[in-house]
2 protein chains.
Amino acid sequence: MMKPRTLSGFMELLPAPQQQMERVMDILRRTYSLYGFTPLDTPIIEDAQILLAKGGGETEKQIYRFTKGDSDLALRFDLTVPLAKYVALNYGQLTFPFRRYQIGKVYRGERAQRGRFREFYQADIDIIGDGALDIVNEAEIPSIICRTFTALGLERFQIRVNNRKILNGFYAMLGLAERSQDVMRTVDKLDKIGPEKVKACLMEDCGVSPEAADEILAFIAIRGSNDEVLAALEQYRGRNETFDAGLEELRAVTRHLAAFGVPEEKFAVDLTIARGLDYYTGTVYETTLLDHPEIGSVCSGGRYDNLAEYYTNKQLPGVGISIGLTRLFYVLGEQGMLNPDLPCAPADVLLLPMTDDLGDAIAVATALREAGIRTQLYTEKKKFKAKMAYADKLRIPYVIFLGEDEIAARVVKWKSLATGEQTSAPLEEAIDAIRAGLAAANAGKPIRD
Amino acid sequence: MMKPRTLSGFMELLPAPQQQMERVMDILRRTYSLYGFTPLDTPIIEDAQILLAKGGGETEKQIYRFTKGDSDLALRFDLTVPLAKYVALNYGQLTFPFRRYQIGKVYRGERAQRGRFREFYQADIDIIGDGALDIVNEAEIPSIICRTFTALGLERFQIRVNNRKILNGFYAMLGLAERSQDVMRTVDKLDKIGPEKVKACLMEDCGVSPEAADEILAFIAIRGSNDEVLAALEQYRGRNETFDAGLEELRAVTRHLAAFGVPEEKFAVDLTIARGLDYYTGTVYETTLLDHPEIGSVCSGGRYDNLAEYYTNKQLPGVGISIGLTRLFYVLGEQGMLNPDLPCAPADVLLLPMTDDLGDAIAVATALREAGIRTQLYTEKKKFKAKMAYADKLRIPYVIFLGEDEIAARVVKWKSLATGEQTSAPLEEAIDAIRAGLAAANAGKPIRD
C-alpha cells in the first residue's frame, strides 16, 4: 500500500471550495462571452520546438519538457503562445478581429513555495486583428475587467492604465531611447527602493544625467484624477511623435469610460506601469486590489503589435489580458474573502424515503430533477439521526421526508435546515418554495469585499 | 520562423465546433449536478509511483511519464485513480456516500490513428460509500445516463445492464469458477467470431465440457424484454448464492425504471456484457447508439467493491460511469449528428456605430451586455459591406445599426441575418425581440439523432 499524496504546488480543492472555484470560473466565462469572445481549448501538450520557438529566457528553465517515443514535448506555460500557434495555423479559417477567451491550466516548475503553483489556471482574453486593430478594442478592456471583477463581488479594485508609447516617447525626448529598457527596469523598482535609490541607479547603472534623472522622477510622479494626469501629459506634446501617438491612444482609452460602464474611481492613468518590457507596444493594464497591494496585479495585459511572428509572416496585432486564477483564488481564500454564505452543497435537496417501497420517493426525486432542483435520494441503511447529520455536514439546504402519511395525502414534507421550519404541501408548492429559497441563497457573489 | 502545428492525437477545434463542445460539457455538468454530484478538479500531473500503484498492465506502456528535477511524474490516464487517491487522502474530510463528477483531460500515448486521441476528455461520475453502499445507487445510474443522453439530443440509444455476480454464480454452477475469467473473455468474442467458434474455443482453450459449453451459449442467448430475461434467470435460482444475490440486485436495478424516468425501450438486461474482468463486482453498464453499433459503448461503468485499496485500508465500495467525451464528440461529428442549427457565433449582436462619436454606440453595447446579450462592438475601419460580411461569416444572428437618425429618434435599428428583416424601435424593444429570437434559436439540442 502506498501513502496517497498530491504533488506540492498543485491545487486540489475539497468539494466546498471547488464549488466556489466553479462559480468563479462560470462568472468569468459568462462575462467574457458578453463581450463577444469565443471559448477555445488548446492542448496542454505541444511540440517543444514550437512552444519554445521564441526562446524562453527565464521561463525556459521552468518548462515541463520531456520525450515520448521520438517526440520532444512540453507542457504549455501560458495561453498566449498556444494562441499564437492556433491563429497562425488556422489563419485562413478565422475571421478577424478574432476574439477568444481561454480558461486553462498552465505549467511552470517554479520553486515550491506557499501560494506558488506549478499547475495553475490562467483566464485570458485576446483580440487579434489582421494587419490592424482599432483602438476602441483597447478602450473596451477596462470595461471587461470592471464587469468581471464586479460580478465576482470585488469592489475595492482599481484598473491602472498606461501606454508604452508615452514612455518610449518620453525617454526619446531625453535622448534615452537606446537605454529606455534599462531605464524602465530601474523605474519599475520605485515602489521597492524609493525615489532616491532609483535616481542613484539611473545615474550609475544607466548613465542618465542628473537632470534627466530628475525629469524622469518628476514624470513618473505625475498623479491625480484622469483629467489631471492627461492635462499634465499635454505639457509634453509636440516634442516626440511616438509620445503624441501614445497620448492620443490614452485619451481614446479614457474618453468613453462612463459609456463603457466603468466608474471613474475604478480607473487610473498610472505612468509607473510598464509591464513586459519587450512585448507590449501600446496600452498596458494592471489591476490591483486596493486593500491588498502586496498581492500585486491580479489582472494584467496590454497591446502588442505582432502576436505570431515566430509562426507566420502575417502581421497580427492584438490586445489581451490575463487573470492568474489559481493564485487569485488562493489569495482570496487566505484573506477570508470567499463568501461563505453561498451554497456549496452538492445538492439542493436531500430526499429521505420513510417507506420500504421506494417507488414514490424515486418519482418525487425525478420530478424535482425535472424541475431543475439538484436532488440526492438518500437510501443508505442508517438511523434517522445519521441521515440528518449527512445533510447537515454537507450543508444541503432542504430535506424532504416522504412517509406513508405524505404519500396517502399526496404531499411532501420538507424542512429548511437554515430556518428549521417544516412544511407539508403538494410537491408543486414544495418546488416553488424551494426554488424561491435557493434563488435567495444564490443571489450573493462569490467574493465578499 | 517555425511552421505551426498541433500534435497528432490532440483535438483542437475551430471556434464553431468548440462552441458545440462547450454546450455538450455544459449539459453534462448540469445533468450530473441534478443528481447531487459535486464537481472535482484534480491535477493532471501526479507522482508516478502513486498513479501507478496498481501496476498498469496494458495502460502502463501508454503513460506519459517523465522526471522534473528529482520527481518521477506522470500524466493521469483516467479519472478513477486520481479519485481513489483523493478519497483516500481526504477521507476524514469527506462525507459518504461521496458523489463527485469530473470532466477532465486524460493522457494515453496510443498509436496515432484517425479518431484515436492521446489527450481526451473523460466525463465521470462516481458514488463512493464508506464500508457499504445501497443498491439504489446502482439503480439510479441508468436514470442519469438516460437524462444526460436525452438532454444532449440523442434518442436512439440503449443502456445495457448486467450483473457480474450473475455471471460468476452461473459459471460456479457449472464448476467453472476457477476458469470464469477465461470463459468470460472467450464469451466476450461472441459478436466477433460467432457461437460455433466460441464453443470451440471454450472447449479447446478453457477446457469446458461440450455440455457446459452448450449451457453457456444457451445462457448468453437469453433475450427478450426485461421481464422475460428476468423470468428466464429465475430458472437458475437456488443453485448458487452469488447468482441469487446478483439476480436480486438486477431486480432492484430494473424495478423502479419508470419512477426513475427511464423508458422501457431505453433499457435492456443483456447477459453478454461483462466489462473490466477484474475490477467490477456487481452491476455493469454499457450504452450503445442503436444506429451506430460499430462505435461500441459510449458510456460504461459498474459497481466495484474497493476503490482505493492501494492507498487505504478503508473499504470503499462504489459505482461509476464514464463517457469518453472527446471520442464521442468526434464520432458524432463524423456521423453528421452535431446539430448545425444551434448558434455557434461568438456574439449575439454585432453593433455597428454609424457616427464618428462612439459614445452612444458604446452606451448601447453596455446596455445590451447588462441585459445578458453577448455583444460585439465593431469599430474597425472597413467598408459597410466588409462589416456585414464579418457578421455573416461568424453567423452572428443580429446586427444593430446606430446612426445619427437613430440616436436623434432614441431608437436602434436591428437586422436579423436569418430573416433579413429590419426593425427600428427603442432599445428596450430591441432587447426583448432579440432575446426572444435567441431563445428560439437556442431551444434545440446539440445532437440531432
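The questions below cover a sheet and the domains.

This is a predicted model, where local features need pLDDT of at least 70, side-chain atom pairs count only at pLDDT 80 or more, and totals for chains, interfaces and linings use all residues. Residues are numbered from 1 along each chain as its sequence is written, while chains are lettered from A and ligands numbered from 1 in the order in which they are written.

User: What is the order of the open sheet of five strands in chain B?

Analyst: Strands are DSSP runs of E, at least two residues long, numbered from the N terminus. Two strands pair if DSSP finds at least two bridges between them. Pairing in this sheet is mixed. The order in chain B is E13-E12-E14-E15-E16.

User: Which strands stand at the edges of the chain B sheet?

Analyst: An edge strand here has a single partner strand, so one side is left without a neighbour in the sheet. The twist averages 25 degrees from one strand to the next, with axes fitted to C-alpha atoms and angles running from 0 to 180 degrees between N-to-C directions. The edge strands are E13 (375-377) and E16 of chain B.

User: Which residue is the bridge partner of Lys413(B) in E16(B)?

Analyst: E15 (residues 412-416) and E16 (residues 422-425) of chain B pair in the antiparallel sense over four bridges. Strand E14 (residues 398-402) of chain B also pairs with E15(B) in the antiparallel sense over four bridges. There, Phe401(B) stands opposite Lys413(B). In E16(B), the partner of Lys413(B) is Ser424(B).

User: Which residue in the turn between E15(B) and E16(B) has a positive phi?

Analyst: These two strands form a hairpin with five residues between them. The phi is about 80 degrees, and the residue is Gly420(B).

User: How far apart are the C-alpha centres of domain 1 and domain 3 of chain A?

Analyst: Domain bounds come from an automatic or database domain assignment. Domain 1 of chain A is 7-155 + 291-344, and domain 3 is 349-434. Their C-alpha centres lie apart by 42 Å.
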